[in-house]
Structure formats: C-alpha cells, structure tokens
Amino acid sequence: MIRHLVLFKLNEGVERDEPRVVEGVAAFRALGDSIPELQFWECEWNITDRPIAYDFAINSAVEDTDALKRYIEHPAHQAGVALWREFATWVIADYEF
C-alpha cells in the first residue's frame, strides 16, 4: 500500500469561505466516492492556528504505484487540482506502508 499525503496552504489573502475555495474543497471531498483506486480517503481543514501549520490536508491510500498513477491522472482529480492551483500551494509525500 502507498500512503498519499497532501498539505495545502492557502495563498495570502485567500479565505476558507470564498466560493472558489468552497468549490475546491467539495471537488476533493467527492474524490473518495468517485475514484476506484482510492482504498482510503479523508480530507479536512486543519484545526490549529500555529504559524507553521498548513490549512487543508488530504490523507489517502492506494494499492501500489500503478494505482497512484491512475489516481493522479484521473479526470476528477485533475479537475480538483486545477481549482486548487488558483488559490493555494501544496506539498506531497508518498510512501509505502
């Protein structure tokens, strides 16, 4: 299994309740039910306000590197990424467990 973690940081001046952010969150929340490669899926806002904290997190798991590639290339995932690209930056970690 491969864990796929993504941490998002909203760009300066972007607020969680902006319509484009709400749309981006909804797009990512829907992925768990729409991409068969996802064995585990959760995403949510960070609950702490520490200066080093990121704002939103995705924690997911897929079977193997082929499944990870299919997930990344899936049109629903790509559509969500396109939304988030407009208002956030992110870091990613993929590892076997």
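This is a predicted model: local features need pLDDT of at least 70, side-chain atom pairs count only at pLDDT 80 or more; totals for chains, interfaces and linings use all residues.
Residues are numbered from 1 along each chain as its sequence is written. Local features need pLDDT of at least 70 and side-chain atom pairs count only at pLDDT 80 or more, while totals for chains, interfaces and linings use all residues, and side-chain values use heavy atoms, with hydrogens and water left out.

Trainee: Is His 4 buried or exposed?
Mentor: His 4 is found in strand S1, residues 2–10; strands (E, at least two residues) and helices (H or I, at least four) are DSSP runs, numbered from the N terminus. Buried means under 20% relative accessible area, exposed over 50%, and partly exposed in between, with a 1.4 Å probe and protein chains only. The relative accessible area of His 4 is 4%, so His 4 is buried.

Trainee: With which side chain does that of His 4 make a polar contact?
Mentor: A polar contact is a pair of N or O atoms within 3.5 Å; within protein, one must be able to donate a hydrogen and the other to accept it, and residues adjacent in sequence count only if both atoms are side-chain atoms. Contact in general means heavy atoms within 4.5 Å. Leaving aside neighbours within four places in sequence, His 4 is in contact with several residues, including Ile 58, Leu 68, Tyr 71 and Asp 94. The polar contact, at 2.4 Å, is with the side chain of Asp 94.

Trainee: How far apart in space are Arg 3 and Phe 97, C-alpha to C-alpha?
Mentor: Arg 3 is also found in strand S1, and with a relative accessible area of 15% it is buried. The side chain of Arg 3 makes a polar contact of 3.4 Å with the side chain of Asn 59. Phe 97 is among the residues that Arg 3 touches, not counting those up to four places away in sequence. Arg 3 and Phe 97 are 94 residues apart in sequence, but their C-alpha distance is 6.8 Å.

Trainee: How are H1 and H3 oriented to each other?
Mentor: Helix H1 (residues 19–34) and helix H3 (residues 75–85) pack at an angle of about 160°, with their axes 9 Å apart. Axes are lines fitted to C-alpha atoms, for helices over the stretch in contact, and angles run from 0 to 180 degrees between N-to-C directions. Angles under 35 degrees count as roughly parallel, over 145 as roughly antiparallel, 65 to 115 as roughly perpendicular and the rest as oblique. H1 and H3 are therefore roughly antiparallel.

Trainee: How are H2 and H3 oriented?
Mentor: H2 and H3 pack at an angle of about 55°, and their axes are 5 Å apart. That makes H2 oblique to H3. The contact is made by Tyr 71, Ile 72 and Glu 73 of H2 with Pro 75, His 77 and Gln 78 of H3. To end on the orientation asked for, H2 is to H3 oblique.

Trainee: Which residues does Ile 72 touch, not counting residues up to four places away in sequence?
Mentor: Ile 72 has its place in helix H2. At 33% relative accessibility, Ile 72 counts as partly exposed. The residues that Ile 72 touches are His 77 and Gln 78.

Trainee: Which side chain makes a polar contact with that of Lys 69?
Mentor: Lys 69 lies in helix H2, residues 65–73. Lys 69 is partly exposed, since its relative accessible area is 47%. The polar contact of its side chain, at 2.6 Å, is with the side chain of Glu 73.
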